[in-house]
Amino acid sequence: MGERIRSKKVAKLLLPNLTLVLGGAASGKSAFAEGLVLQAGEPPVYVATAQIFDDEMAMKVARHQKTRGTGWTTIEEPLDIAAALDLVGRNQPVLIDCATLWLTNVILGEHDVDAASDGFLQTVKAFAGPVVVVSNEVGQGIVPDNTLSRQFRNAQGRLNQQIAAEADLVVAVMAGLPMAIKGTLP
């Protein structure tokens, strides 16, 4: 889906202040979100929250970079979203990819999850330009067998709910197909 959006010659898209794009692993959510941000017509900014600890993650990041192509300003920031957004111009559309890896960094860094989540939400709400947040929907699988995984699943569910409550547009992506669950697809 993202490739089709990028290749279309379309008029500048007015993005809502806050958009949440949800989906499972490898659902096409990042490609769809990238397409939305590119349609805004301003120089796009990609806030990357991933930390590379192994070869598999390095390959995933490289694939994302190749798919995204040139023309993006990339800010690598695993925790401090406010600091990342301070580097962005007022009207530039921002893609934060992803809230799931950001939350993982918060939990593994033993930060206060509720305070960090509140800060994340306040930061994206206060930003002057459009923000698209990508996040995984993790609550539809099996119940994890350990405490840390259950805590993560629950914290991710709460964070997704908080972002969705504030977002003007919430899109679920499954098998590369976007479905608006709040607001209207452009």
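Are Tyr46 and Trp72 buried or exposed? Select them: Tyr46 is buried, and so is Trp72, where buried means under 20% relative accessible area, exposed over 50% and partly exposed in between, with a 1.4 Å probe and protein chains only.

A bit of housekeeping before moving on. This is a predicted model, with residues numbered from 1 along each chain as its sequence is written, and side-chain values use heavy atoms, leaving out hydrogens and water. Local features need pLDDT of at least 70 and side-chain atom pairs count only at pLDDT 80 or more, while totals for chains, interfaces and linings use all residues.

**Stop 1: the aromatic pairs**

The structure holds two aromatic pairs. Rings of Phe, Tyr and Trp (its six-membered ring) pair if their centres lie within 6.5 Å; planes under 30 degrees apart are called stacked, over 60 edge-to-face, and the rest tilted.

Stay with Tyr46 and Trp72: they form an edge-to-face pair, 6.0 Å centre to centre with 85° between the planes. Tyr46 sits in strand 2 (residues 45-48) and Trp72 in the loop between helix 3 (55-68) and strand 3 (73-76), so this pair links distant parts of the chain, 26 residues apart. Helices (H or I, at least four residues) and strands (E, at least two) are DSSP runs, numbered from the N terminus.

Now select Trp102 and Phe120, a tilted pair at 4.7 Å centre to centre and 45° between the planes. Trp102 belongs to helix 5 (residues 99-108) and Phe120 to helix 6, so the pair ties together parts that are 18 residues apart in sequence. Trp102 has 2% relative accessibility and therefore counts as buried; Phe120, at 2% relative accessibility, counts as buried too.

**Stop 2: helix 5**

Colour helix 5 by accessibility. It is mostly covered, with seven of its 10 residues buried: Ala99, Thr100, Trp102, Leu103, Asn105, Val106 and Ile107. What does the covering? It includes helix 4 (81-85), helix 6, strand 5 (131-136) and helix 7, counting heavy atoms within 4.5 Å as contact. Just after helix 5, click on Glu110, which takes a positive phi of about 55°.

**Stop 3: helix 5 against helix 7**

Show both helices. They pack at an angle of about 130°, with their axes 10 Å apart. Axes are lines fitted to C-alpha atoms, for helices over the stretch in contact, and angles run from 0 to 180 degrees between N-to-C directions. Helix 5 and helix 7 are therefore oblique to each other; angles under 35 degrees count as roughly parallel, over 145 as roughly antiparallel, 65 to 115 as roughly perpendicular and the rest as oblique.

For the contact, select Ala99, Thr100, Trp102, Leu103, Thr104, Ile107 and Leu108 of helix 5 with Leu148, Phe152, Ala155, Gln156, Leu159 and Ile163 of helix 7.

**Stop 4: helix 6 against helix 7**

On the helix 6 side, pick Val113, Asp114, Ser117, Asp118, Phe120, Leu121 and Lys125; they meet Ala155, Arg158, Leu159, Gln162, Ile163 and Glu166 in helix 7.

**Last stop: helix 2**

Finish at helix 2 (residues 29-38), which is mostly covered, eight of its 10 residues being buried. Lys29 and Glu34 are among them, along with Phe32 and Leu36.
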